[in-house]
Amino acid sequence: MFTRILLLMIGMLLSATAGMSQPSFSMPHGLYEEAITVAITPANAGAEVYYTTDGSTPTTESTLYTSPLTLTKTTLLRAIEVADGQSSAITTASYIMVSSV
């Protein structure tokens, strides 16, 4: 019974995000020698983007994206977009600053 309920809940979560495209980052994940600027672009016009820089799961309580981010240290950037009460799946990228390793 528990397994059936769990599978039903997972299915509901997947269907809730299935119709939303994810936001994209202007810089690919990777190793960088110096600070970089990363823009986040929503896939859906009019969507709001929320992000975290500490690796935590972004929610609508996270920071609302308003302008490009300057990353000066190793950062795990994660973002979602929200429109019409629906949230996208999470976009994640690791930016490793060689000087901070």
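**Entry 1, ground rules.** I am working from a predicted model, in which local features need pLDDT of at least 70 and side-chain atom pairs count only at pLDDT 80 or more, while totals for chains, interfaces and linings use all residues. I count residues from 1 along each chain as its sequence is written, and side-chain values use heavy atoms, with hydrogens and water left out.

Two strands pair if DSSP finds at least two bridges between them. I found that β5 (residues 48-52) runs antiparallel to β8 with five bridges, and that Glu-48 has Val-82 as its bridge partner in β8. Five bridges also join β8 to β10, again antiparallel, and here Leu-76 stands opposite Ser-94.

I followed β8 into β9 and found a hairpin with two residues between the strands, where Asp-84 in the turn has a positive phi of about 50 degrees. Two bridges join this antiparallel pair, and Ala-83 stands opposite Gln-86.

Which strand holds Ile-96? I found Ile-96 in β10, residues 91-97, and Ile-96 counts as partly exposed because its relative accessibility is 31%, partly exposed being the range between under 20% (buried) and over 50% (exposed).

Key: Helix = DSSP H or I, 4+ residues; strand = E, 2+ residues; numbered from the N terminus. Buried < 20%, exposed > 50% of the residue type's maximum accessible area, 1.4 Å probe, protein only.
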